[in-house]
Amino acid sequence: MYKAILRPILFRFDPEKVHYFTFALIRFLSKIPGVKSLFKRLYVLEDKTLEREVFGLKFKNPVGLAAGFDKDAQLFNELSNFGFGFIEIGTITPKPQDGNPKKRLFRLKQDSAIINRMGFNNKGLEAAVARLKKNEGVLIGGNIGKNKITPNDKAVNDYEICFNGLFDYVDYFVVNVSSPNTPGLRELQDKAPLTKLLKHLQVLNFQKEKAKPILLKIAPDLTDDQLLDIIDIVRETKIDGIIATNTTIAREGLKSENRVEVGGLSGKPLAKRSTEVIKFLRDKSNAAFPIIGVGGIHSVEDAIEKLEAGASLIQIYTGFVYEGPKLVKDINKALLNPTR
């Protein structure tokens with residue numbers, strides 16, 4: 001029904017407006033008696049075989065919702081009824097910020113892709129915490145970043161504020177230094193500043209009564225040498241894993257007219273490179289740490305490819321937009337029947 005009826009209607013309108021409209025609609029429908037139960041019957045698949053234990057956490061299934069969809073932790077309870085095993089909120093910054101000027105979100109229909117240059121638009125840490133206090137049992141990842149006005153030499157402070165503020169309300173953390181939409185942010189992926197940042201967060205982490213997993217989200221545009229540096233950084237800082245990958249600035253092979261828009265590209269065109277990065281990290285590290293695979297998952301086959309390349313868990317975003325919630329259940333059904 002989604003691809004045949006809803007998607008053609010929604011895709012006639014501005015993508016950012018549609019995003020907020022869809023959130024409002026899901027929130028409204030979820031308040032109607034019986035609708036949450038209906039969503040669960042349609043999309044949630046529960047089976048012990050689907051459970052995964054990764055970096056000390058138990059996931060109901062390995063299919064998560066990637067950061068960027070529920071930036072402000074507004075709809076994680078409702079979205080969990082579409083079958084996700086976990087939901088990553090954010091990117092959250094210490095202070096509220098509007099992000100980049102609109103228009104900043106573009107569908108590339110011919111390529112089954114999206115370009116965004118949102119720029120960490122969110123209502124800030126305090127607003128996110130207020131909503132996370134209403135969590136109804138969803139496993140939550142907290143994706144954290146720095147405010148645009150914060151210079152890179154002060155970035156550690158922003159990550160510390162978000163880490164301490166979210167600590168009691170999320171199950172794992174993701175350090176985002178790989179978005180292409182905040183000027184200078186990707187410079188923090190260089191070995192020296194990244195090692196300093198992650199070591200600082202680990203010091204804070206182990207001062208807590210019980211430490212929580214810290215992951216690093218990396219760009220797909222890193223060279224092999226840079227990926228080897230990432231492996232060294234994980235080893236040195238003892239963080240818990242990697243999310244591979246964020247959006248790309250590459251534009252090769254695209255057909256859509258708006259392919260020239262500035263921003264990060266997600267969707268099918270990212271699938272191959274994301275899988276390459278996952279396999280490279282697994283092979284070169286001898287599978288020394290867990291990887292969450294994200295990028296271009298639009299089908300069961302795409303999901304299995306990521307898992308076989310070395311991902312312990314996967315996340316979807318653009319695939320959810322193009323394929324609808326049935327994709328989550330289809331992947332989980334396939335994992336229950338691996339001979340499919």
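Helices (H or I, at least four residues) and strands (E, at least two) are DSSP runs, numbered from the N terminus. The model is predicted: local features need pLDDT of at least 70, side-chain atom pairs count only at pLDDT 80 or more, and totals for chains, interfaces and linings use all residues. Residues are numbered from 1 along each chain as its sequence is written, and side-chain values use heavy atoms, with hydrogens and water left out.

View A. Two strands are said to pair if DSSP finds at least two bridges between them. Strand β3 (residues 63–65) pairs with β4 in the parallel sense over 2 bridges, and Gly64 stands opposite Phe86 of β4. Strand β7 (residues 140–144) also runs parallel to β4, to which 4 bridges join it; here Ile92 stands opposite Ile144 of β7. In a regular strand the side chains alternate between the two faces of the sheet.

**View B. Glu88 within strand β4.** Glu88 belongs to strand β4. This residue is buried but has no salt bridge, and the nearest side chain of opposite charge, that of Lys217, is 4.8 Å away. A salt bridge requires a side-chain nitrogen of Lys or Arg within 4 Å of a carboxyl oxygen of Asp or Glu; Lys and Arg count as positive and Asp and Glu as negative, while His and the chain ends are not counted. A polar contact is a pair of N or O atoms within 3.5 Å; within protein, one must be able to donate a hydrogen and the other to accept it, and residues adjacent in sequence count only if both atoms are side-chain atoms. The side chain of Glu88 makes such contacts with the side chains of Tyr172 at 2.9 Å and Gln315 at 2.8 Å. Beyond its neighbours within four places in sequence, Glu88 is in contact (heavy atoms within 4.5 Å) with residues including Leu65, Gly141, Asn143 and Ile243.

View C. Thr93 lies in the loop between β4 and β5 (105–108) and is buried, with a relative accessible area of 0%. A polar atom of the Thr93 side chain lies 2.8 Å from the backbone oxygen of Lys95, and a polar contact of 3.2 Å joins the side chains of Thr93 and Asn147. Leaving aside neighbours within four places in sequence, the contacts of Thr93 include Phe120, Leu125, Gly145 and Cys162.

Terms used:
Buried < 20%, exposed > 50% of the residue type's maximum accessible area, 1.4 Å probe, protein only.
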